[in-house]
Amino acid sequence: MHPLPRSLDTLSGESLVSYLLRLGHRLDLSPLHLIRAADWIKQGNPNHFPGSLLLDLSKPRAEAFARLTGQTAREVSALTLAQWRDRYPPIARSLPGPGRLMRPDAWLYVGSPRFCPSCLAGDGSTVQQLHGGPWLKLWHLPIVFACTEHRIYLQAACPHCGQSHEAEGALIQRANDHTLHPAQCRWTVDAQTPRRKSFACAGRLDLTVSGRDRPRPTADILRFQKSLRGRLKSPTRTTDASEYFTDLRLATALIIATWPHSRSLLDANTAERIDSHLQDPRVVPGGRRNLQIHDTPPRDPVTCGALLMAADRLLSRDDLPDLISDLTRAAFGSPSSRTPWAVLYDKHKNDCSERLRQVAEPVTRTFPRVNGRRGTRGPLRSGYYQPEHIPAFLEPDWYQRFLATCAGSEVKSVRRAAAVRLVQWTMGGTYDDAARFLGIAPVQTHLLSARETRRSGRTGCNPLEFDRALRALASELQSARQPLVDYRRRREALQEWVLGIDAWNALVSELPPTLVQFRTRSDDRKRQNASVFVWTLVTRGEHLFAPRPLEAAQPTEIQQQWAARRNTTWFQFSRSDPLPHYADLRRVLATYARRLARDIDSGAGQIGIN
């Protein structure tokens, strides 16, 4: 590889495409000739111009081009988008991987960037008068829609041939053409004569076309544009920038996916532009919106800028949880993982901010199926409270303070569902996983899910209000000053537990001397029911899921008899005005349960089974 006879200094902020066009123009060589000379062409495909060159260059490729052009490898690498790959996720998402070709992300303009005619005209220096100004790297990012230096919107298409360039093309159009100026349109147009099939448009992009009434960006838009560009560099933390741009992407998609319900978030002019954008058959084939459209920013820079600013303002609102809930319910009817926005959220959730995950979870809480099974999610909360701090049947005090207004007549369903959801938020995984952690079998999990759905219908309780209240409870648990109870430890200690006969007799001896006392002392069925009551007090679980080893040891006929009377007995244990005997029995069992809970929590002694 021999160095080129002449070279060209790179310009600040220009892209690799820009440098190849300008250098080729100076040497009267095509861009394709230059990358062949740098040995960037894959064998067997001599005319392929890889789009991945714009995203990043391997060290050998950068060094080879540096030797060819007399630059340093660092200067060559600076022509790519690699410097922003950790701050702007679409760049990393577009990079090819092992066995995977480059697939440009919808939020990256690889082959057809927008442009500023004044920047392309150059700064008046001799070299830029001859070879034009730079095509900036920033123009490949949809978040850059205006030139803050010249205070104009970028242009999305050639004003001469009128091609919208909605579809991504090659990194450089007509890469083998050495006759075009870097500021001339390289897109192919059909010839008007039969002797020639096509040719380049060749319209100058560095000239302002007269007679075109283009809007000018407002001061607010320019400030917003500067803030977006500022997030691509220090002092903004890399993680903060990455999460912000993902949040912005999801908020933008939410506005489009819920249109026209989100119309109120935009001014009238922008709303009309969004309407036109969504009705354009080039954008929405056949007039049908799809997932790709929801996640594709408008090419029109005026529409794009206004839409992004609306998304930014949406993210900064204090009522963001309520707003997203209202939009999704209005547009889709109910929370679901199968709505277009929920699918997009699931795709990008690992890259967005914790705040947006907390807000999005309630409206995407139905988990998608993967290979016929419910998909999994990572934990949504990290902090003090852990899965073991949640009882299987939500603490009565927690319920009364946070969730009673959501329950109506379905107290049990709310307490069950709340416990499962709190565990799921901090543990991750599926609804079934969380229920199983709490000691609820999968078949019973489906029962809980179904009842929760029916509960919403019967009581008129908005599921989003339920989630909002549950988030408030979770926040209190996160900031708890006192140690939280380890309910899992209690459940494990009492996994196959029943009151031993000696302990049972001792407890019965504390009851008033009545005829019922003798029957209570000698009845194993009541000992089993008393054990279940103690178990519910210690574990804060639901009696339906309590262990029943005494009952399990009985013949089938006896088990059936006990099961038939189970609800009647439990009614006496749980009612506010039980019969006198049950009131006395409940009192002594509650005292025993408090002592048993202290022993388990402190680890003192062994919990007897008999």
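**Close-up 1. Salt bridge between Arg566 and Glu551.** In this predicted model, the side chains of Arg566 and Glu551 form a salt bridge, with an N to O distance of 2.5 Å (a salt bridge is a side-chain nitrogen of Lys or Arg within 4 Å of a carboxyl oxygen of Asp or Glu). Arg566 lies in helix α27 (residues 556-574) and Glu551 in helix α26 (residues 549-552), so the pair links distant parts of the chain, 15 residues apart. Helices are DSSP runs (H or I, at least four residues), numbered from the N terminus. Glu551 is buried, at 9% relative accessible area (buried means under 20%, exposed over 50%, partly exposed in between, with a 1.4 Å probe and protein chains only).

**Close-up 2. Salt bridge between Glu476 and Arg401.** The closest N and O atoms of Glu476 and Arg401 are 2.7 Å apart. Because Glu476 is in helix α21 (residues 463-478) and Arg401 in helix α17 (residues 396-407), the pair ties together parts that are 75 residues apart in sequence. Both are partly exposed: Glu476 has a relative accessible area of 31%, and Arg401 has 43%.

**Close-up 3. Salt bridge between Arg357 and Glu354.** Here the closest N and O atoms are 3.1 Å apart. Arg357 and Glu354 are three residues apart in helix α16 (residues 354-363), about one helical turn. Arg357 is buried, at 16%, whereas Glu354 is partly exposed, at 31%.

**Close-up 4. A network of salt bridges.** Arg93, Asp105, Arg249, Asp295 and Asp351 are linked in this network. The count for the model comes to 24 salt bridges.

Residues are numbered from 1 along each chain as its sequence is written, and side-chain values use heavy atoms, without hydrogens and water. Local features need pLDDT of at least 70, side-chain atom pairs count only at pLDDT 80 or more, and totals for chains, interfaces and linings use all residues.

Technical notes
Helix = DSSP H or I, 4+ residues; strand = E, 2+ residues; numbered from the N terminus.
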